[in-house]
Amino acid sequence: MNRRPALLAVAALTTAAALSLSACGGGDGDSKSDDKIEGAGSTASEKPSPTASDDGIDRPEIELPKGDKLIFSPDTVGDAKSDAVLRDNANYLRAVDEAIGKSDPKSKTVAFYSKDSAYLGSVDWISGFVKDGTTVTGTVRYYDRKVTFSKDGSAGLTYCADETKGYTKDVKTQKVNVTKATKKSYVAYNDRLRKNDKGVWQTTRSMSKRGSEVCQP
């Protein structure tokens with residue numbers, strides 16, 4: 001069983017994502033807290049991301065869980081607008097892993113990089129790890145990242161994830177659940193992002209298909 005069934009699905013999960021979530025123990029994710037949820041209605045590195053960037057935005061630091069590594073390819077494509085989308089979506093994915101490692105479903109950093117159904121889906125997803133007492137480790141590679149822009153100002157981002165070397169780990173025992181790679185270790189994503197008033201490209205929707213032929217090696 002791989003480290004992630006389908007990282008972030010919309011609040012009302014798509015059929016494919018729902019099947020993926022039910023197939024792995026880390027993702028049923030009901031949050032039991034009554035606190036208000038914030039956010040509703042970058043190069044790969046294990047080091048914290050910088051708090052400030054060339055665009056002048058004060059960004060939160062992100063520190064991945066020990067042993068966790070995310071690789072993004074391409075990291076940049078040479079177009080400033082597309083590169084901003086790629087960077088902020090990568091930071092969103094890093095923020096989710098950080099929140100899993102910190103057992104923090106309502107992470108302010110996740111809220112910084114996402115909103116709407118993507119944010120709500122991430123809260124449920126992270127809560128599932130907390131409930132199961134697991135975290136993430138190993139390496140996940142995100143590749144074939146392609147950005148398109150719509151007339152309404154939003155951006156579309158499609159990409160694949162290779163989870164063959166990404167796993168879950170029991171928080172108490174530190175035992176890593178190493179599993180055999182299969183066709184379902186590859187996931188196709190289709191995200192929607194929108195630039196907020198701060199200039200951050202927030203992921204607003206994330207849909208996925210596990211075992212997609214598009215992402216097979």
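Isoleucine 71 has arginine 141 of strand β2 as its bridge partner. The contact belongs to a set of six bridges that join strand β1 (residues 68–73) to β2 (residues 134–149), two strands that run parallel. Two strands are taken to pair if DSSP finds at least two bridges between them. Strands (E, at least two residues) and helices (H or I, at least four residues) are DSSP runs, numbered from the N terminus. The model is a predicted one, in which local features need pLDDT of at least 70 and side-chain atom pairs count only at pLDDT 80 or more, while totals for chains, interfaces and linings use all residues. Residues are numbered from 1 along each chain as its sequence is written, and side-chain values use heavy atoms, with hydrogens and water left out.

Strand β2 also pairs with strand β3 (residues 155–170), in this case antiparallel, through 13 bridges. Within this pairing, threonine 137 stands opposite tyrosine 167 of β3. The two strands form a hairpin with five residues between them, and glycine 153 in the turn has a positive phi of about 95°. Strand β3 also contains glycine 166. This glycine counts as buried because its relative accessibility is 0%; the term buried denotes a relative accessible area under 20%, exposed one over 50%, and partly exposed the range in between (1.4 Å probe, protein chains only). The C-alpha atom of glycine 166 is separated by 9.3 Å from that of leucine 70, although the two residues are 96 apart along the chain.

A further antiparallel pairing involves β5 and β6, over nine bridges. Here tyrosine 189 has serine 208 in β6 as its bridge partner. β5 and β6 likewise form a hairpin with five residues between them, and glycine 199 in the turn has a positive phi of about 95°. Seven of the ten residues of β6 (residues 201–210) are buried, so this strand is largely enclosed by the rest of the structure.

The chain as a whole comprises four helices and six strands, in the order α-β-α-α-α-β-β-β-β-β from the N terminus. Of its 217 residues, 50% are buried. The chain exposes about 10,500 Å², of which carbon and sulfur atoms supply 51%; the areas come from the Shrake-Rupley method with a 1.4 Å probe, and for residues only the protein chains shown count as cover.

The interior can be described through its nonpolar cores, each a set of buried Ala, Val, Leu, Ile, Met, Phe, Trp, Tyr and Cys residues joined through side-chain atoms within 4.5 Å. The largest has 37 residues, of which Leu70, Tyr92, Leu93, Val96, Ile100, Val110 and Tyr142 touch the most other members. At least two residues of this core come from each of β1, α2 (80–101), α3 (108–113), α4 (116–132), β2, β3 and β5 (186–195). Helix α2 gives the most, with ten residues. A second, separate core of five residues includes Tyr143, Cys160, Ala188 and Cys215.

Helix α2 is largely enclosed by the rest of the structure, because 18 of its 22 residues are buried. Its end C-alpha atoms are 31 Å apart, which agrees with the 32 Å that its 22 residues should span at 1.5 Å a residue; the expected span of a helix is 1.5 Å times one less than its number of residues. After α2 comes serine 103, whose phi is positive, near 55°.

Helix α4 has 17 residues and reaches 25 Å from its first C-alpha to its last, close to the 24 Å expected at 1.5 Å a residue. Its buried residues include Trp125, Ile126 and Phe129. Valine 123, also in α4, is buried with a relative accessible area of 2%. Its C-alpha lies 8.7 Å from that of aspartate 104, 19 residues away in sequence. Just after the helix, glycine 133 takes a positive phi of about 70°.

Aromatic rings supply a final group of contacts. Rings of Phe, Tyr and Trp (its six-membered ring) pair if their centres lie within 6.5 Å, with planes under 30 degrees apart counted as stacked, over 60 as edge-to-face and the rest as tilted. The count by this rule is six aromatic pairs.
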